[in-house]
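Have a look at the sequence and the fold, then read on.

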Amino acid sequence: MAPLKSLEQEYPILDSNFQSFCASHDIFSVEDLLLHDLYVLAAFAEQESSSERLKQGIAQVLSIIDGQHQPWLNGIELLEDAQRNKHVLSTGCEGIDLLLHGGLRVGQLTELVGPSSSGKTQVCLLAASNVAKKHIGSVVYLDTGNSFSPQRVTQFICQHSDPAIDQAKHRTLQKVMNNISCKSVFDIFTMFDVLHQLEFNLRSQMQGGDCKVQLLIVDSVSSMVTPILGGSGSQGHALMISAGYLLKKLAHEHNIAVLVTNHTVGGDGGISKPALGESWKSIPHVRLLLSCDHGGSICNVSILKHPSMVESFASLFTMCAIDLSLSLSLSVRPFYKLFLLHMVFLFLFTLFNFFSSGCW
Amino acid sequence: MEVGRLPISASQRSKLIAAGYTTLSSFSSLSPSHLARDLKISDNEAAEIMRVASHSHRLDGSAGGCGTVNGAQTAWDMLHEEEMFPRITTSCEDLDNILGGGINCKEVTEIGGVPGIGKTQLGIQLAINVQIPVDYGGLGGKAIYIDTEGSFMVERALQIAEACIEDMSECGGLLRKDSQACQLKMHPNNILENIFYFRVCSYTEQIALINYLDKFISEHKDVKIVIVDSVTFHFRQDFDDMALRTRLLSGMALKLMKLAKDFSLAVVLLNQVTTKYIDGSFQLTLALGDSWSHSCTNRVILYWNGNERYAYIDKSPSLRSASAPYSVTSKGIRNSASNCKRIKMM
């Protein structure tokens with residue numbers, strides 16, 4: 001925290017008298033004040049001539065410190081907040097919605113991981129057009145690879161509407177497309193600036209309304225972090241973690257769902273794993289793995305991490321020209337099939353034993 | 001910590017944090033000399049840090065639109081902007097059809113294939129086609145050709161340029177039989193003059209050149225395509241530190257994306273292939289690994305199918321996966337001469 005003398009401008013009570021008093025006790029910054037025994041300091045302040053002002057100064061510094069952290073909440077308040085604010089945004093693809101029990105949850109950071117051309121950008125575009133179309137709110141799309149395609153978004157929006165009335169459709173299309181704003185960011189510092197600006201804007205117009213931001217998409221966060229990760233210093237690592245925390249803070253405080261994409265790298269034994277390493281693994285709330293058949297149009301989504309579900313369910317969806325439609329329903333992984341089979345055999349065996357012993 | 005997001009060097013940042021300045025407001029009111037004394041750095045460095053901090057601080061306070069960020073465009077505006085930029089034709093109708101008209105500006109397209117499939121030919125063809133005048137449906141721009149392998153042949157470029165002019169005058173003759181004003185004044189030498197050729201011999205030269213392209217293109221504003229042939233060549237051999245290679249490549253990819261977006265030009269990267277062990281068999285994939293495969297907007301793979309050359313769209317945000325045949329003739333890239341002209345949709 002800042003040295004005490006730099007706080008003087010904002011809080012005139014921390015004047016030079018206060019500073020020299022603190023300096024006499026070896027306190028030069030707010031950190032030093034925290035480490036010091038406050039009762040002892042107050043006792044010393046009593047003995048000084050301007051004891052009232054000094055005690056007010058100490059109280060002021062303590063209130064500055066208090067203002068730095070989030071307010072304490074109890075369970076009831078958290079539950080009310082979750083029920084009132086943290087609803088679920090449909091992604092527009094039934095398969096993914098089914099998998100996520102509704103869709104993207106507001107207040108959580110969802111990550112899409114997958115190899116190249118597995119459909120990550122398509123899911124992002126579909127989610128953006130769906131949220132904008134259902135007038136749920138506006139969408140902010142941060143694009144690092146020039147992959148935001150307005151034509152594709154138009155296709156997604158116009159797929160279900162009546163092709164008859166052209167003029168009205170044109171106007172609704174314009175209204176919906178105006179809800180999606182897209183910015184190209186090409187390095188992590190620009191992204192920090194954009195996110196801080198967004199935070200400032202959201203904080204200053206808390207009343208909501210029609211243009212309230214509901215969905216923030218960053219496509220992709222890995223291409224911004226990879227040039228700085230690794231190497232000699234840990235600066236890149238620190239930037240990546242602070243970016244993750246900033247996204248989660250935005251999501252929680254301003255009731256936004258955040259969707260980011262990540263790519264895969266080769267891991268041990270040739271199995272691909274998500275990029276950005278072990279530290280990034282704990283940052284997203286929900287991690288989904290996308291994979292696509294080579295040359296096919298069937299894509300597979302599975303859960304890698306979820307706060308309330310087991311990572312065993314997978315869902316298949318087809319990517320075609322118009323939309324991402326559900327092709328097959330939930331398929332249980334083979335391990336569970338084997339387990340079920342095993343239980344059935346065990347049951348039959350015990351039955352057999354029972355009857356054979358009963359006959360005796 | 002707020003100072004973590006300032007674009008300053010790591011040593012300056014650690015000195016700031018060690019002196020107790022962790023938020024921007026804590027030192028924004030200080031004078032540069034005061035800061036210099038606290039951090040034990042020169043006055044110039046301190047002034048630089050204050051300038052960067054005040055810039056960030058100013059960005060925070062400026063009001064955007066309703067909940068949007070500064071500099072963001074709405075999707076509606078982008079849709080109309082897209083229609084304004086014509087695409088660069090490849091002179092092969094089938095290929096243009098699957099590409100939605102041609103190579104798109106503002107995007108990075110990666111074209112990869114086995115040796116001898118025609119990547120350099122396609123690169124030279126694009127460098128010439130970008131110069132087609134606006135009257136004939138082209139962009140009328142110049143081209144930058146970055147050659148890393150030494151495979152650019154000037155005689156071949158001259159040949160393709162002459163064929164292109166012939167085609168244009170034929171078209172012009174058919175469409176505008178009467179007007180003299182539209183008579184083609186282009187000479188093959190003019191076309192060759194508008195191709196800026198750079199030869200790079202090592203990866204440091206390549207990275208330095210891409211950093212310099214920003215300045216070069218601001219001076220030559222009518223450059224509309226940058227072709228790198230091939231982008232992987234210098235990164236495949238003699239690289240001991242793979243992590244460094246990944247960082248350099250992703251940094252280079254971001255810079256190329258930024259170039260494409262800021263100057264509204266097309267970037268075409270030609271890539272080589274390598275074999276990869278997937279699902280129990282060896283398959284051909286593009287070189288430079290998984291991280292590089294995310295660094296392009298579109299990807300086209302060229303391959304042999306029997307005796308025919310085919311192009312396949314592997315990755316695109318808005319185009320359907322499809323493949324189309326093409327051929328390399330003495331005039332450049334042209335339609336395949338086979339009987340079956342239907343595009344095979346995947």
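Where in chain A is the place of A:F347? Look in helix α14 of chain A, residues 334-359, with helices being DSSP runs of H or I of at least four residues, strands runs of E of at least two, and both numbered from the N terminus.

## Ground rules

This is a predicted model, where local features need pLDDT of at least 70 and side-chain atom pairs count only at pLDDT 80 or more, while totals for chains, interfaces and linings use all residues. Residues are numbered from 1 along each chain as its sequence is written, chains are lettered from A and ligands numbered from 1 in the order in which they are written, and side-chain values use heavy atoms, with hydrogens and water left out.

## A nonpolar patch on chain A

A:F347 counts as exposed because its relative accessibility is 54%; here buried means under 20% relative accessible area, exposed over 50%, and partly exposed in between, with a 1.4 Å probe and protein chains only. A:F347 also belongs to a nonpolar surface patch, along with A:V344, A:F345, A:L348, A:L351, A:F354 and A:F355.

Together these residues have about 760 Å² of accessible area, by the Shrake-Rupley method with a 1.4 Å probe, where for residues only the protein chains shown count as cover. A patch takes residues with over 30% relative accessible area and no salt bridge, joining like charges within 9 Å and nonpolar side chains (Val, Leu, Ile, Met, Phe, Trp, Tyr) within 5 Å. A salt bridge, in turn, is a side-chain nitrogen of Lys or Arg within 4 Å of a carboxyl oxygen of Asp or Glu.

The model as a whole scores ipTM 0.83 and pTM 0.81. For chain B, mean pLDDT (the predictor's confidence in each residue, from 0 to 100) is 82, and 88% of the residues reach 70 or more.

Two stretches of chain B call for some caution. Over residues 63-67 of chain B, pLDDT stays under 50, and the model has nine contacts there beyond four places in sequence, a contact being heavy atoms within 4.5 Å. Residues 178-182 of chain B also stay under 50, with two such contacts.

## Chain B in outline

Chain B has 13 helices and 13 strands. Of its 346 residues, 48% are buried. Take the contacts in chain B between residues at least 6 apart in sequence: 63% of them join residues at least 24 apart. The accessible surface of chain B is about 16,000 Å², and carbon and sulfur atoms account for 53% of that.

## Rings in chain B

Over all chains, the whole structure has nine aromatic pairs: rings of Phe, Tyr and Trp (its six-membered ring) with centres within 6.5 Å, called stacked with planes under 30 degrees apart, edge-to-face over 60 and tilted for the rest. One of them is B:Y145 with B:Y197, stacked at 6.4 Å centre to centre and 20° between the planes. B:Y145 sits in strand β3 of chain B and B:Y197 in strand β4 (residues 195-199) of chain B, so this pair ties together parts 52 residues apart in sequence. B:Y145 is buried at 0% relative accessible area, whereas B:Y197 is partly exposed at 37%.

B:F198 and B:F216 pair edge-to-face, because their ring centres are 5.4 Å apart and their planes at 80°. B:F198 is in strand β4 of chain B and B:F216 in helix α10 (residues 203-219) of chain B, 18 residues apart.
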